[in-house]
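Hi everyone, thanks for making time for this one.

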Amino acid sequence: MAANYYDTLGVSKSATAEEIKKAYRKLALEWHPDRHPNDKEAAEKKFKEINEAYQVLSNPQKKQMFDAGADPNARGGGNPFAGGNPFGGNGSYSYTYSTADGQNPFGDFGDPFDIFSQFFGGGNPFGGRQAAKPRYSLTIDFMEAMKGVSRNVEIDGKKRTIKIPAGVNNGNTIDFRDFRVTVNVKPHEMFERDGDDILVNVKIPFSMAILGGEIKVPTIEKEIKIKIRNGTQAGTMMRLHGEGAPRISGRGRGDEYIKINIETPSRLTREQKQIVEEMKREGL
């Protein structure tokens with residue numbers, strides 16, 4: 001366990017969830033290994049520390065354990081399957097991640113139904129103590145996480161094809177029979193992820209905020225036209241149902257939330273200033 005996850009992210013113990021998220025995004029961009037080609041090993045170490053800190057502090061249950069002095073990464077710490085059947089008693093099989101259910105990420109091992117039957121006899125693979133597994137990390141782009149991607153890697157001297165399912169989130173851990181892979185997802189310049197939801201900040205001109213209009217906004221799959229109502233205020237949130245991140249379980253998608261910011265003009269013509277002065281006199 002890190003000495004202090006708050007120090008790692010540079011935030012105080014009283015930091016809000018939004019402050020923790022902003023600190024993480026800033027540090028993740030700063031310390032991404034691709035930005036440090038001359039000292040990639042040190043950057044990878046720092047990047048992992050930042051991800052680990054965020055995975056704990058962004059999880060209310062794990063954060064509570066950490067604040068109490070307990071190990072948030074201990075067995076059962078924040079694990080929704082701890083002490084019970086990870087398959088929910090419905091008889092269906094799925095791979096398990098640190099924060100969500102997933103599909104078979106290892107294409108060369110076949111169907112997950114056969115895998116669990118072969119390796120665990122169809123029973124609970126998490127029962128009892130297990131030997132420590134080698135840990136590996138894999139870094140992918142944000143859009144690769146959204147759409148899924150296959151990577152050829154070498155593990156224990158063997159070439160394997162790892163299939164990352166669409167919807168995998170930063171810090172998700174794929175737990176397999178003889179090794180474990182942690183997925184690091186690069187932050188996106190436009191999209192911000194919160195669970196299965198996506199947040200996008202959009203700027204509209206001052207005139208549109210007053211008069212209304214129509215704009216195109218980006219989503220994971222395409223651009224969508226939305227209407228801006230007249231009198232829209234800065235900070236207005238709009239929801240696009242089903243346009244968020246795909247759920248690893250394959251059951252639908254999250255939502256996209258659009259935050260409206262208003263661009264205030266820095267320079268006005270004489271006529272424009274007169275119009276604004278008139279609005280001011282009218283109390284607008």
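I'll begin with the chain as a whole, then go through some local features.

First, the ground rules. This is a predicted model, so to speak of local features I need pLDDT of at least 70, and side-chain atom pairs count only at pLDDT 80 or more, while totals for chains, interfaces and linings use all residues. Residues are numbered from 1 along each chain as its sequence is written, and side-chain values use heavy atoms, with hydrogens and water left out.

On confidence, the mean pLDDT of the chain is 77, and 78% of its residues reach 70 or more; pLDDT, as you know, is the predictor's confidence in each residue, from 0 to 100. Please be careful with residues 75-130, where pLDDT stays under 50. The model has 107 contacts beyond four places in sequence for that stretch, a contact meaning heavy atoms within 4.5 Å.

Now the overall picture. The secondary structure comes to eight helices and 13 strands. Those are DSSP runs, numbered from the N terminus: helices are H or I with at least four residues, strands are E with at least two. Of the 284 residues, 37% count as buried. For burial, I use under 20% relative accessible area for buried, over 50% for exposed, and partly exposed in between, with a 1.4 Å probe and protein chains only. The chain exposes about 16,800 Å², and carbon and sulfur atoms supply 48% of that. Those areas come from the Shrake-Rupley method with a 1.4 Å probe, and for residues, only the protein chains shown count as cover. Among contacts between residues at least 6 apart in sequence, 53% join residues at least 24 apart.

Let's go to a hairpin. Strand β4, residues 149-155, pairs with strand β5, residues 158-164, in the antiparallel sense over seven bridges. Two strands pair here if DSSP finds at least two bridges between them. I155 has K158 in β5 as its bridge partner. Two residues sit between the strands, and D156 in the turn has a positive phi of about 55 degrees.

Next, salt bridges. How many does the structure hold? There are 11, where a salt bridge is a side-chain nitrogen of Lys or Arg within 4 Å of a carboxyl oxygen of Asp or Glu.

Have a look at K21 and D194, whose side chains meet at 3.6 Å, N to O. This pair links distant parts of the chain, with K21 in helix α2 (residues 17-30) and D194 in strand β8 (residues 191-194), 173 residues apart. K21 is buried, at a relative accessible area of 12%.

For a local example, take D67 and K63, with their closest N and O atoms 3.4 Å apart in a salt bridge. Because they are four residues apart in helix α4 (residues 60-67), about one helical turn separates them. D67 is partly exposed at 29%, and K63 counts as buried at 18%.

Then there is E221 with K147, again a salt bridge, at 3.4 Å, N to O. E221 lies in the loop between β10 (213-218) and β11 (223-228), and K147 in helix α6 (residues 142-147), so the pair ties together parts that are 74 residues apart in sequence. E221 is partly exposed at 45%, and K147 is partly exposed at 45%. R253 comes in here too, linked with K147 and E221 in a network of salt bridges.

Staying with helix α6, M143 lies there, and it is partly exposed at 25%. Which residues does M143 touch, not counting those up to four places away in sequence? They are H188, F191 and I220.

Leaving out residues up to four places away, E243 touches T219, I220, K222, I224, G254, D255 and E256. Is E243 buried or exposed? At 16% relative accessibility, E243 counts as buried.

Last stop, the surface. F206, I210 and L211 make a nonpolar patch of about 290 Å². Patches are made of residues with over 30% relative accessible area and no salt bridge, joining like charges within 9 Å and nonpolar side chains (Val, Leu, Ile, Met, Phe, Trp, Tyr) within 5 Å. F206 is in helix α7, residues 206-211, and counts as partly exposed at 37%.
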